[in-house]
Amino acid sequence: MGIRGLISLVFLISGFIEFDVVYSYTRPPPRKTIFTLHSEDDSSPQQVRIYQVGQDKMGISWITESSTPATVQYGLTPSANSNTATGVTNSYRYLLYKSGEIHNVVIGPLKPNIVYYYRLGNSPKGYSLKTAPSQFPIKFAVSGDLGQTEWTKSTLDHINKSNYDMMLLPGDLAYAYFFQNLWDSFGRLVDPLASQRPWMVTQGNHEVEKIPLLHSEPFTAYNARWKMPYEESGSDSNLYYSFDVAGVHVIMLGSYTDFDRNSKQYKWLEGDLKKVNRKNTPWLVVLVHAPWYNSNTHHQGEFESVDMKASMEDLLYQARVDVIFEGHVHAYERFTRVYKDKGDKCGPIYINIGDGGNIEGLATKYIEPKPEISILRDANFGHGMLEIFNATHALWNWHKNDNDEAIVSDSVWLTNLSFKTTCKV
């Protein structure tokens, strides 16, 4: 058995005031996997993505097949020659695979809500990015469990047309299944979007990629390819971090690293929540991969969901988190404000958004009868938009992929919990 066959075998045996508007639906059929090739020379940048660093900086990551300098030229005109920044280059090995040269450079300080132009290394190719706003309004695109199928492409096309400011992704990115060239393909697939708007992500189970006896280090590809600004929030791990943007404090949690009350992640989260100033960042948003609330028959009773909820739910409730986005289940579901399995006007709204388009298909079976706390559940691919207009009100829209049209299938206005007098801590 060759190495690919062995990896496949390991994978197979591993078992890896608010109001609502609800619409009817028809489930979509499956679609083919896309493999995105690199057609330029070895020194040309590929898999370009940007991520926010602090209040006024942007990280830029890209890969080249040959050695090139980790430098970025950038400015407010297409010549992109006003400023230059230098960063670092690394690579990684995974079994017989060796990655290309992975470059990371931080540029700034940058002005908010404005287009910058940039060039990478020695390449003459020009790129542009738009910085996030420093104040309301702000629009987040949200989608999890993306993968790289024709449904993924449909989701990305819809997001690209939405004039969003920042992408939030609650885990399960490439669905590489240990094959590292699929990480390369995914990076190329999302490059047209991720090179223009900041993509902020956390990890899912498909990012772990441990193989007994063959590769014991988890998150090798994820940590090398998708560095996030964890140091800025006092975290010691790329698997959990937080950041502020335009009056919103966003927390990315790690379902697949330690989360009990004695863990580094728990203690970091406890400290991070204590630092939040709701006058400066009125909105508090959390992303996590394994869902704490889920009425789909898929992924019921998993340790990463049940035990993490038992460990951390009190922290998030006491902090008056406004909304929690979850992935893992390949379907859409929105819950009411909830705490300890019951409706609670001071609890977060939980939204399962693991419907980006992955190859494993939709999770179509639900527990019956539907729990009272579940408002809408819909086995369809799609994405969401969280548009925060001011310190008190935001609009959530979920768009399903219907014959390649982005159809609004769920809407709810959110009222900020920190302004509700009955929810003051």
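In this predicted model, four strands line up as an open sheet in the order β5-β4-β10-β11, and their pairing is antiparallel. The edges belong to β5 (83-86) and β11 (126-130); each has a single partner strand, so one side of each is left without a neighbour in the sheet. On average, neighbouring strands here are turned by 30° against each other, direction ignored.

Strand β4, which covers residues 71-75, pairs with β5 over four bridges in the antiparallel sense. Which residue of β5 is the bridge partner of Val-72? That partner is Ala-85.

**The nonpolar cores**

The largest nonpolar core holds 95 residues, and within this core Trp-199 and Leu-253 touch the most other members. Helix α3 (residues 180-194) is the element that gives the most to this core, with seven residues. Apart from it lies another core, this one of 17 residues, including Ile-60, Val-105, Leu-120 and Leu-129.

Trp-199 deserves a visit of its own. Is Trp-199 buried or exposed? With a relative accessibility of 0%, Trp-199 counts as buried, because the cut-off for buried is under 20% relative accessible area.

**Aromatic pairs**

Searching the whole structure turns up 15 aromatic pairs. One of them joins Trp-199 and Trp-226 in a tilted arrangement. This pair links distant parts of the chain: Trp-199 sits in strand β14 (residues 199-202), while Trp-226 sits in the loop between α4 (220-225) and β15 (241-245), and the two are 27 residues apart. Trp-226, at 4% relative accessibility, counts as buried. Ring pairs also bring in Phe-186, which is linked with Trp-199 and Trp-226 into a cluster.

The rings of Tyr-317 and Tyr-339 have their planes at 10° and their centres 3.7 Å apart, so this pair is stacked. Why does the pair tie together separate parts of the sequence? Tyr-317 belongs to helix α6 (residues 303-318) and Tyr-339 to strand β19 (residues 332-339), so the parts tied together are 22 residues apart in sequence. Tyr-317 is buried, with a relative accessible area of 14%, and Tyr-339 also counts as buried, at 18% relative accessibility.

Here are the two pairs side by side:

| Pair | Centre to centre | Angle between planes | Class |
|---|---|---|---|
| Trp-199 and Trp-226 | 6.5 Å | 35° | tilted |
| Tyr-317 and Tyr-339 | 3.7 Å | 10° | stacked |

**A glycine in a loop**

A last stop is Gly-361, found in the loop between β21 (349-353) and β22 (374-378). Which residues does Gly-361 contact, leaving aside its neighbours within four places in sequence? They are His-330 and Phe-381. Gly-361 is also 9.4 Å from Asn-380, C-alpha to C-alpha, with 19 residues separating the two in sequence.

How values were computed:
Residues are numbered from 1 along each chain as its sequence is written. This is a predicted model: local features need pLDDT of at least 70, side-chain atom pairs count only at pLDDT 80 or more; totals for chains, interfaces and linings use all residues. Side-chain values use heavy atoms; hydrogens and water are left out. A nonpolar core is a set of buried Ala, Val, Leu, Ile, Met, Phe, Trp, Tyr and Cys residues joined through side-chain atoms within 4.5 Å. Buried means under 20% relative accessible area, exposed over 50%, partly exposed in between (1.4 Å probe, protein chains only). Two strands pair if DSSP finds at least two bridges between them. Axes are lines fitted to C-alpha atoms, for helices over the stretch in contact, and angles run from 0 to 180 degrees between N-to-C directions. Rings of Phe, Tyr and Trp (its six-membered ring) pair if their centres lie within 6.5 Å; planes under 30 degrees apart count as stacked, over 60 as edge-to-face and the rest as tilted. Contact means heavy atoms within 4.5 Å.
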